[in-house]
Protein chains: 2
Amino acid sequence: MSADHQATLIDGKAVAAQIRAQVAARAAALAERGVRVGLAAVLVGDNPASHTYVRMKRKACAEVGIESFYHALPKDISQAELEALIDSLNARSDVHGILVQLPLPAHLDEQRILSLISLAKDVDGFHPLNIGRLAMKGREPDFLPATPAGVIRLLEAYGAPFTGADAVVLGRSNIVGMPCALLLTKRDCTVTICHSRSRDLPQIVRRADILVAAVGRPHMVQGDWIKPGAFVIDVGTNRISDQSAKDGSRLVGDVDFEAAQRVAGAITPVPGGVGPMTIAMLLENTVTAAERSLQ
Amino acid sequence: MSADHQATLIDGKAVAAQIRAQVAARAAALAERGVRVGLAAVLVGDNPASHTYVRMKRKACAEVGIESFYHALPKDISQAELEALIDSLNARSDVHGILVQLPLPAHLDEQRILSLISLAKDVDGFHPLNIGRLAMKGREPDFLPATPAGVIRLLEAYGAPFTGADAVVLGRSNIVGMPCALLLTKRDCTVTICHSRSRDLPQIVRRADILVAAVGRPHMVQGDWIKPGAFVIDVGTNRISDQSAKDGSRLVGDVDFEAAQRVAGAITPVPGGVGPMTIAMLLENTVTAAERSLQ
């Protein structure tokens, strides 16, 4: 790489805007057939980040013509009450997708709640049956989890060479790291899954033609960990203090962007990379669910 | 390694014999409570290898006091007939485990058949819901697939250091490679999943503290691919011609055993390594299913 190399900026905002425009057109076509696409958002408790996410998702729904039904529940709601709500949402014909914002308070059985969501409405793709299909050759989940689907879509949009590429995924979470690893395996990458117990991370990351960072540690991945020309997808969204910023803080990813973009072939910024894609893919899953409900 | 280094031989026969003795004791305890443990084996068509596997499994059942119910079906059985059989086996109280020998003929929907097996009787652990739980943090499948469970049990028995170890899995099949990779990730290994599209296999394998080979290509893994001291688990069972053998052929693994055992720390032979463990784990799952049926 020359000293003034600059990686291609992977513009998640632009790709997400295209997807949202397509979703809006599909929702409009359904409206003409008398179907108003509906997403139910279930939020338990008063986690401020969860409230922000749900607000953003509802705003995005409104912009593409998807109706959102908002269920804000007290943090001490019982398992039985929450299950009854899921049952009723499963039964409603005007609800095509059900989103339960995670994490749930500790007294609730998250696994059981997610398993109760009708497969046809599991637009978050978190049902264990969908994850199982994701892990299996010859099977496809009904819906892909939104963030991993967004990661793959960005890589596709910028021409990442999947087959035979060395892909490294940092993080093995149920909602990002593991599904990303499974999707990249389905795309014929050679995938290495790293986590908090992994050793020699810099050396492992240096092999990556495709790097997905999803650990939630600001700037953990250094510039000299990046293989020249690599595709770098930064899922991290970490708030750090910055006295020069208006509110004294700013968002950064898991990758040291400034240093990495002098080495990588293509890289997502934070914010404006994966973030917008997550919501776009949720909207796409929801309109797909509505279309399928007519079949 | 010195010139006369010999890897520890991982004796799958001996470990499997211990497990079978424990299973026999548990089956006897159940018999005293009036419960005869039962496994239903379903075989479609006339694949000779499948017939051999089912015969071996039934023989092993008999040896530990598990009754086996044998359903040999014509290769042109319809999907509806096979589904009806699964339904009836799900309902029978004397059947605690259901084994559908794979592969099924192409006209049958294998995914649907496996999904119909009651989770409580899915002793092969192939239900997509069980695979999904295997892939997810904080969740555990009701049953582990037999061969991957046997791989892990052998590594445990011989003291493999899981946490932080570099594990390489060759092969991403639904029944061996992928579940092995997921189990090793749960054990805090850094896992790399390789397959037919992977490049530079020798170099990837040389990093492996733990190697699981499950590709079905005789002697593909060369001795100089092995990291000194590595744990090598060879799942391959390939028949090659050998004029010096009685029937003109013999079984070999995916690893060049002669060469590898001069470098590895511990290695499974073929036969006598993973093979006996697969059946032992199936028996263990079946007696576990019977015990749970009393709860």
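Reader: Is Asp188(B) buried or exposed?
Author: This is a predicted model, in which local features need pLDDT of at least 70 and side-chain atom pairs count only at pLDDT 80 or more, while totals for chains, interfaces and linings use all residues. Residues are numbered from 1 along each chain as its sequence is written, chains are lettered from A and ligands numbered from 1 in the order in which they are written, and side-chain values use heavy atoms, with hydrogens and water left out. Residues count as buried under 20% relative accessible area, exposed over 50% and partly exposed in between, with a 1.4 Å probe and protein chains only. Since the relative accessibility of Asp188(B) is 17%, this residue counts as buried.

Reader: With which residue does Asp188(B) form a salt bridge?
Author: A salt bridge is a side-chain nitrogen of Lys or Arg within 4 Å of a carboxyl oxygen of Asp or Glu. The closest N and O atoms of the pair are 2.7 Å apart, and the partner of Asp188(B) is Arg172(A). The pair crosses between chains, from the loop between α7 (177-186) and β6 (190-194) of chain B to the loop between β5 (166-170) and α7 (177-186) of chain A.

Reader: How many salt bridges does the rule find across the interface of chain B and chain A?
Author: In this interface, 39 residues of chain B are in contact, meaning heavy atoms within 4.5 Å, with 39 residues of chain A. Across the interface of the two chains, the number of salt bridges found is four.

Reader: Which helix holds both Glu63(A) and Lys59(A)?
Author: Helices are DSSP runs of H or I with at least four residues, and strands are runs of E with at least two, numbered from the N terminus. Glu63(A) and Lys59(A) form a salt bridge, with their closest N and O atoms 3.4 Å apart. Glu63(A) is partly exposed at 48% relative accessibility, whereas Lys59(A) is exposed, with a relative accessible area of 56%. The two residues lie four residues apart, about one turn, in helix α2 (residues 48-64) of chain A.

Reader: Which residue is the bridge partner of Phe231(B) in β11(B)?
Author: Two strands pair if DSSP finds at least two bridges between them. Strand β8 (residues 231-234) of chain B has both faces covered, with Phe231(B) and Ile233(B) buried on one side and Val232(B) and Asp234(B) buried on the other. Two bridges join β8(B) to strand β11 (residues 266-267) of chain B, and the two run parallel. In β11(B), the partner of Phe231(B) is Ala266(B).
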